[in-house]
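Q: I have a model open and want to go through how its pieces pair and pack. Can you walk me through it?

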Amino acid sequence: MINTDICIIGAGPVGLFAVFEAGLLKMRCHLIDVLPQVGGQLSEIYPHKPIYDIPGYPSITAQELIDNQLEQIKPFAPTFTLGERVEQIEKQDDGSFIIATSDETKVHAQVIVIAGGLGCFEPRKPEIQNLHLFEGKGVDYMVKDPAKYADKRIVIAGGGDSALDWTYHLADIAQQVTLIHRSDSFRGAPDSAEKVFKLAQQGKINLLLSHNLSNIHGNGTLTSVETINKDKETIAVEADYFIPLYGLTPKLGPIAGWGLNIDKNAIEVNTFDYSTNVERIYAIGDINTYPGKLKLILCGYHEAALMCQSAFKFVYPDQKLTFKYTTVNGINTF
Amino acid sequence: MEDNLIQVTVVDRDGSENTIEIPTDINLSLMEILKASAYDILATCGGMALCATCHVEVLEGLDNLPEASDQELDMLDTLPDADRQSRLACQLHLHNNNNGMKIKLKGSLQ
């Protein structure tokens, strides 16, 4: 078990800055992020985009900002668990928490700080009744191991890059591949689309354009996928596997089940200290909401500073907090 | 039509229709305007074409809109309920020639 003072969920710019503010108050931090690297959306989605509203930097690229922040928190030696999603938290008798991840890493912390940004990116699911009944029993939302589909009948749905690419790759592996797309064209990925059209012309895949998913059938495991075309005709495609590939969408994930007050996918906080309705749990950055909330990195930094002043009492209940400037005291490393 | 003020009809998810007036000389996306007009839109990603919760179907006036960027098209292609009339409101900045446009809200509320 990892022992720390503050467990920060989310290693984006705001989570990283919380390490600095906590460090000034001699509180140690452990960060957990579902992504395999630190930096959150800045590193994952727009590392090379310039940001113009960081005080002191007329312009800085997203990745540079993250690199600088890592340098800034080095003296406080934060520890990291990356590529794992926090699944559960368990309150202990003394008020502290044990946090468990998807890979069963356990962290014991006095305080939890949720700095989860947009949340976790999860597969977007089509609206088909009973879809959930077949999850793991023929319905997969991502292709992890292509070999699994060898000599199977596969139905893929979607019109984005990943639907096209997997149709192309699995055409060689599977016994039969059917691609279902709602529209009659693929607007975003002309190159991949051309490859798929070619396969369809050669009879190597079954391409159903202008088709809407309507139902799935099976008894225990999946047997067929049903679609309706624009002439309102229903077609059933026999299938061993159905892979809807509709991209990823940011979701709160397991956090939604922790008893926190939530409004429109964001966690409600008290702006006095960015605490949630659950004692010892704070939420900072894009994931929180309050009247006047602005989703700006610099607002998240401010929230991190105030949060630490409040969290101090749970980490050092017997000490009085005195406010100090770094220009006066420097940075007291651990 | 007054200068730099256009009318857009919005069909809500329950089918109710309202016409709103939108100034075209402010630097706001259609998503931001819809939110400001108290329409229920999550806009989780804040306008970066990442979450598609501001997905709208353009019922009238589609041809007067600027073409979608690759990033917007990529996102639209992945949606289970998008079609040729679909756009992401966060990527749309309206101009005077968009007067009379009609849109339907389709973005997910979860």
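Q: How many bridges join strand β3 of chain B to strand β4 of chain B, and do they run parallel or antiparallel?
A: Strand β3 (residues 55-60) and strand β4 (residues 86-88) of chain B are joined by 3 bridges and run antiparallel. Strands here are DSSP runs (E, at least two residues), as helices are (H or I, at least four), numbered from the N terminus. Two strands pair if DSSP finds at least two bridges between them.

Q: Which residue is the bridge partner of Glu57(B) in β4(B)?
A: Ser86(B) is the partner of Glu57(B).

Q: How does β3(B) pair with strand β5 of chain B?
A: In the antiparallel sense, over 4 bridges, with β5 covering residues 101-105. In that pairing Val58(B) stands opposite Ile103(B).

Q: Before going on, what kind of model is this?
A: It is a predicted model: local features need pLDDT of at least 70, side-chain atom pairs count only at pLDDT 80 or more, and totals for chains, interfaces and linings use all residues. Residues are numbered from 1 along each chain as its sequence is written, while chains are lettered from A and ligands numbered from 1 in the order in which they are written.

Q: What are the scores, then?
A: The model has ipTM 0.71 and pTM 0.77. For chain B the mean pLDDT (the predictor's confidence in each residue, from 0 to 100) is 91, and 98% of its residues reach 70 or more.

Q: How many residues of chain B are in contact with chain A?
A: On the chain B side 19 residues are in contact with 22 residues of chain A. Contact is counted if the C-beta atoms of two residues, placed from the backbone, lie within 7 Å.

Q: And what classes are on the chain B side?
A: The side of chain B that touches chain A has 11 nonpolar, 3 polar and 5 charged residues. Ala, Val, Leu, Ile, Met, Phe, Trp, Tyr, Cys and Pro count as nonpolar, Asp, Glu, Lys and Arg as charged, and the others, Gly among them, as polar.

Q: Over to chain A. What is the order of its open sheet of 4 strands?
A: The order is β12-β11-β10-β16, with parallel pairing. Its edge strands, each pairing on one side only, are β12 (206-208) and β16 (241-244) of chain A.

Q: How many bridges join β10 to β11 there?
A: There are 5 bridges between β10 (residues 153-157) and β11 (residues 176-180) of chain A. Arg153(A) has Gln176(A) as its bridge partner in β11(A).

Q: Now helices. At what angle do α1 and α3 of chain A pack?
A: Helix α1 (residues 13-24) and helix α3 (residues 62-73) of chain A pack at about 20°, with their axes 9 Å apart. Axes are lines fitted to C-alpha atoms, for helices over the stretch in contact, and angles run from 0 to 180 degrees between N-to-C directions. α1(A) and α3(A) are therefore roughly parallel to each other. Angles under 35 degrees count as roughly parallel, over 145 as roughly antiparallel, 65 to 115 as roughly perpendicular and the rest as oblique.

Q: By class, what is in that contact?
A: The contact of α1(A) with α3(A) has 9 nonpolar, 3 polar and no charged residues.

Q: And how do α4 and α5 of chain A pack?
A: Helix α4 (residues 161-173) and helix α5 (residues 190-201) of chain A pack at about 40°, with axes 9 Å apart. α4(A) and α5(A) are therefore oblique to each other.
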